[in-house]
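Let's walk through this structure together, one stop at a time. Keep the sequence beside you as you read.

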Amino acid sequence: TYCNTIGVGGEAAALVEARAGWQNLMSAVQATEMHPIGPVAENEGFLRHRIHSYASGPLSPCGIDQTAASVDDPGFEITNRSLNQRGVGAIEYLLYEETLEHRCSAGNPVTEGWNDLGETDRKIDRCLAAQLIAEDVAGAATLARDRWSEYLSEFGSESNIGASTQLMTDAFFVLDKLVKDQKLGLPLGITAACRFTTCPGSIESQYSGRSLVNVTDNIVAFKTLFSGGDGLGFDDFIAAEGFPEVSERILRNVDNAISIANSLAGSLVEESARITSSAEETACSNAFASPDSANSDYGACRLTGAVKRVTDDLKIDFVTITGTNIPEGAQSDND
């Protein structure tokens, strides 16, 4: 609908609607990101990263611009593009990036002449590129659903109960490595992986300013997985093993993280940009170490510390009580 209105009439309203549709899609994707189990984890997560590539690395704006510049070519196939040029992150870039000029280096043969095109032509080609990518995402999502339906009997069989439980608890550590470290700690300069004061280039959904909403969706999805929603969950198992205080503490810390996330008014881009001196680094570190300090100006740093309280319990009491193992890569914490 948006593509058909560009340069004709009703364009602004259609863009608002298209962005709202993308936001709803992103919320659904953020929930599924918290349980990369089964078919989406095969082949180094190819199907998962085809839907959303952020966990595998940053987007390639130049590559996405090349897609927009090539969309009218008869032989163009979106499936030939790298994963960091596809998925919901690429759609976001095409719908939200205000600058219509390409991000490629001068002399790139694919985007040569792109900046000389009229504004309407560039908007239309960007929208058509977003359509192609959305169709590819839809195909990947359908494939994930169909393969999961086939995999479900194997996952839930009594003979695989130990392996499936380990896969499920492995998924819980997405909250640690993806949410706490990659989505929050890296942009804020908290994790050692950031070699600078901050690393804003690593921010997820930076074009829409939706980064912290994504994190909120992640934490809410984690709570549902841990508690089993309205049914039995790991909280019930831990309580039945004689440690109800551990379940209560984990859920209390999860709720606290959700509360902090919901209270944040600014964006992760803005907070990361404010940390430019040693004094501001210290203020962020203090907020991270004491997330209950509601008067801190560094809410995202507080949120990172609040999530760490949950993941600390996962690494110690949770795996001990459930008899599961910490997945590779999550054993140590360099915060």
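Helices here are DSSP runs (H or I, at least four residues), numbered from the N terminus. This is a predicted model, in which local features need pLDDT of at least 70, side-chain atom pairs count only at pLDDT 80 or more, and totals for chains, interfaces and linings use all residues. Residues are numbered from 1 along each chain as its sequence is written, and side-chain values use heavy atoms, with hydrogens and water left out.

Our first stop is a loop. Between α8 and α9, Ser205 has a positive phi of about 50° although it is not a glycine. Most residues other than glycine have a negative phi. Is Ser205 buried or exposed? Ser205 is buried (under 20% relative accessible area), with a value of 5%.

Glu44 also shows a positive phi, about 60°, without being a glycine. Glu44 sits in helix α3, residues 42-51. At 77% relative accessibility, Glu44 is exposed, the term for values over 50%.

Next comes helix α7, residues 161-172, whose twelve residues reach 17 Å from first C-alpha to last, close to the 16 Å expected (1.5 Å times one less than the number of residues). Its buried residues include Ser164, Met168 and Phe172. The buried residues of α7 pack against several helices, among them α6 and α14.

Finally, look at α13 (278-289) and α14: their axes, which are lines fitted to C-alpha atoms over the stretch in contact, come within 6 Å and cross at roughly 35°. Contact (heavy atoms within 4.5 Å) is made by residues including Phe288 of α13 and Arg302 of α14.

Note on methods: Helices (H or I, at least four residues) and strands (E, at least two) are DSSP runs, numbered from the N terminus. Buried means under 20% relative accessible area, exposed over 50%, partly exposed in between (1.4 Å probe, protein chains only). Axes are lines fitted to C-alpha atoms, for helices over the stretch in contact, and angles run from 0 to 180 degrees between N-to-C directions.
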